[in-house]
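Please examine the structure shown below.

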Amino acid sequence: MTKTWDERIDEVWADASGEEVGADTIARIDALAAERSSDDARAEFERAGARDSAGMPAEAVRLYRRALTLGLDDEHRPQCVIQLASSLRNLGQYDEALEVIRAEGELSADGPYRDAVATVHALILASAGRPAQGLSVALLALVPHLPRYHRSMTAYAHEIAELDG
């Protein structure tokens, strides 16, 4: 039985798991992307992810933006936005990264990637020199997972955020 394109993409990422992503992974992803049209959003997203994982955030940002412009499905669009914000953080473009991740936070407040959005949001704030605000975002993301103490932990998280002034 022939594997689907998605299965072959997943196979490349499984092979790369636990190791540094390099030229081989990029070449494999690019070869699979070439099987699709030049305006395929998913192919551009995968190409961006390969470069992102290989430590090439500037190239990844360009491709993430192109994938978003071309239009991704509901599963891959939030992943792309999260990865774009993370790459912008890696490039030191904190204001833009915050704008991107906050917008996604509003869109996916109840979605499956809400905790990933909060995690990247917290990282961006910490990298931007606002670690208390980052800790607050992380704590607020954890509150729904706690068996108790929602009210007090929410209050503490808001209090901590003010420490960055």
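The model is a predicted one.

**Helix packing**

Two packed helices are described by the angle between their axes and the distance between the axes. The table gives these values for each pair.

| Helix pair | Angle between axes | Axis distance |
|---|---|---|
| α4 (residues 57–70) and α5 | roughly 150 degrees | within 9 Å |
| α5 (residues 76–90) and α6 | about 160 degrees | 8 Å |
| α6 (residues 94–107) and α7 (residues 114–127) | about 160 degrees | 10 Å |

Angles over 145 degrees count as roughly antiparallel, so α4 is roughly antiparallel to α5. The crossing of these two helices is left-handed. On the α4 side, the contact involves Pro57, Ala60, Val61, Tyr64, Arg65, Ala67 and Leu68, while α5 contributes Arg77, Cys80, Val81, Gln83, Leu84, Ser87, Leu88 and Asn90. By class, these residues comprise ten nonpolar, three polar and two charged.

Helix α5 also packs against α6, at an angle of about 160 degrees. These two helices are therefore roughly antiparallel, and they cross in a left-handed manner. From α5, the residues in contact are Arg77, Pro78, Val81, Ile82, Leu84, Ala85, Leu88 and Arg89; from α6, they are Tyr94, Glu96, Ala97, Val100, Ile101, Glu104 and Leu107. This contact holds eleven nonpolar and four charged residues, with no polar ones.

Helix α6 in turn packs against α7, again at about 160 degrees. The two are therefore roughly antiparallel to each other, and α6 passes α7 in a left-handed crossing. Tyr94, Ala97, Leu98, Ile101, Arg102, Glu104 and Gly105 of α6 meet Val117, Val120, His121, Ile124, Leu125 and Ser127 of α7. Eight nonpolar, three polar and two charged residues make up the contact.

**The largest pocket**

Which helices each supply at least two residues of the lining of the largest pocket? They are α6, α7 and α8 (131–142). The largest share, five residues, comes from α7. In total, 14 residues line the pocket, and Gly105, Arg114, Val117, Ala118 and Ala141 lie nearest its centre. Of these names, Gly105 and Val117 also take part in the contact between α6 and α7.

Definitions and conventions
Residues numbered from 1 in each chain as written. Predicted model: local features only at pLDDT ≥ 70, side-chain atom pairs only at ≥ 80, totals over all residues. Heavy atoms only, no water. Axes fitted to C-alpha atoms, helices over the stretch in contact; angles between N-to-C directions. Helix = DSSP H or I, 4+ residues; strand = E, 2+ residues; numbered from the N terminus. Parallel < 35°, antiparallel > 145°, perpendicular 65-115°, else oblique. Left-handed = near helix turned anticlockwise from the far one by under 90°. Contact = heavy atoms within 4.5 Å. Nonpolar A, V, L, I, M, F, W, Y, C, P; charged D, E, K, R; others polar. 1 Å grid on protein atoms, 1.4 Å probe; cavity = no way out; pocket = protein on both sides within 12 Å on 5 of 7 lines; lining within 4 Å.
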